[in-house]
Amino acid sequence: MKEISYVIKDELGIHARPAGLLVKAASGYKCKIMIRKGTTEKDAKSIFGVMGLGAKHGDEIRVTFNGTDEDEASITIRDFLKNNL
């Protein structure tokens with residue numbers, strides 16, 4: 001299992017456009033990808049889950065990866081977060 005932490009830098013937090021792109025990126029992998037803010041954890045392949053976190057500027061999120069392609073998925077999602085949020 002892999003885990004990454006990230007502090008949201010986008011002034012708008014995780015809003016519709018980057019949430020959709022994040023879900024699309026996560027959906028390209030077979031491994032289970034979960035995104036967590038505080039005690040709330042959601043499926044990163046679900047737009048409702050990602051939007052339901054309500055992650056705002058300055059919030060820390062944690063993303064966990066568990067499965068056969070977790071290494072590749074964690075690199076892709078880490079880079080996505082750095083470039084889009």
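Residues are numbered from 1 along each chain as its sequence is written, and side-chain values use heavy atoms, with hydrogens and water left out. Because the model is predicted, local features need pLDDT of at least 70 and side-chain atom pairs count only at pLDDT 80 or more, whereas totals for chains, interfaces and linings use all residues.

Four strands form an open sheet in the order β1-β4-β2-β3, with antiparallel pairing. Here helices (H or I, at least four residues) and strands (E, at least two) are DSSP runs, numbered from the N terminus. Two strands pair if DSSP finds at least two bridges between them. β1 and β3 stand at the edges with a single partner strand each, so one side of each has no neighbour in the sheet. From one strand to the next, the twist averages 25 degrees.

Six bridges link β1 and β4 in the antiparallel sense. S5 has R62 in β4 as its bridge partner. Strand β2 (residues 32-37) and strand β3 (residues 40-43) run antiparallel and are joined by four bridges. R36 is bridged to E41 in β3. The hairpin of β2 and β3 has two residues between the strands, and G38 takes a positive phi near 65 degrees there.

Helix α3 lies across β1, β2 and β4 and runs at about 5 degrees to β1. Axes are lines fitted to C-alpha atoms, for helices over the stretch in contact, and angles run from 0 to 180 degrees between N-to-C directions.

The largest nonpolar core has 24 residues. Such a core is a set of buried Ala, Val, Leu, Ile, Met, Phe, Trp, Tyr and Cys residues joined through side-chain atoms within 4.5 Å. Buried means under 20% relative accessible area, exposed over 50%, and partly exposed in between (1.4 Å probe, protein chains only). I14, I33, I35, I61, V63 and L81 have the most contacts inside this core. β1 (2-7), α1 (16-27), β2, β4 (60-66) and α3 each supply at least two of its residues. Contact means heavy atoms within 4.5 Å.

E70 sits in helix α3 (residues 70-84). E70 is buried but has no salt bridge, a term for a side-chain nitrogen of Lys or Arg within 4 Å of a carboxyl oxygen of Asp or Glu. F48, in helix α2 (residues 47-52), is exposed, with a relative accessible area of 74%.

Methods. Lys and Arg count as positive and Asp and Glu as negative; His and the chain ends are not counted.
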